[in-house]
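Dear colleague,

I am handing over the structure below, and after it I set out what was found. Please read the notes with the structure open beside them.

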Amino acid sequence: MSGSVTAYVAKSSRINTTLAVNGLTPLLVSRLDHRDAIARLNLLKLIKAVYEHHPRPKQLIVENDLPQKLQNLIEERRDGQSSGGQVLVKQMATSLLKALHINTVL
């Protein structure tokens, strides 16, 4: 289910912008500590889609402390998790953190 939600959000900038400015991002960020790596990966995909279409991306970054949250995911070790899912989470978090850094520098 969340895969189809991610696809809708990513493809529709209108839906994306509406969700982004009406409180979706804090909810997504708050769930990044979810136990399941695939759930965290889907959350990161949604955050990325929201970030890409947000009318004020720098504000989104600061208000949600995204760099720190992403850095925590990158450095995190989860015992008992399948390593494949966790690797994908770390890769996506790293990619998104680089994109955020570029935006905050510019």
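The protein chain has an accessible surface of about 6300 Å², of which 56% belongs to carbon and sulfur atoms (areas come from the Shrake-Rupley method with a 1.4 Å probe, and for residues only the protein chains shown count as cover). This is a predicted model, in which local features need pLDDT of at least 70 and side-chain atom pairs count only at pLDDT 80 or more, while totals for chains, interfaces and linings use all residues. Residues are numbered from 1 along each chain as its sequence is written, and side-chain values use heavy atoms, with hydrogens and water left out.

The protein chain holds 7 helices and 0 strands (DSSP runs numbered from the N terminus, helices being H or I of at least four residues and strands E of at least two). Of its 106 residues, 35% count as buried, meaning under 20% relative accessible area with a 1.4 Å probe, protein chains only.

In helix 4 (residues 37-53), the end C-alpha atoms are 25 Å apart, which agrees with the 24 Å that its 17 residues should span at 1.5 Å a residue (1.5 Å times one less than the number of residues). Its buried residues include R40, N42 and Y51.

In helix 2, S13, N16, T17 and A20 meet A49, V50 and H53 of helix 4, a contact being heavy atoms within 4.5 Å.

With kind regards

Methods
Buried < 20%, exposed > 50% of the residue type's maximum accessible area, 1.4 Å probe, protein only.
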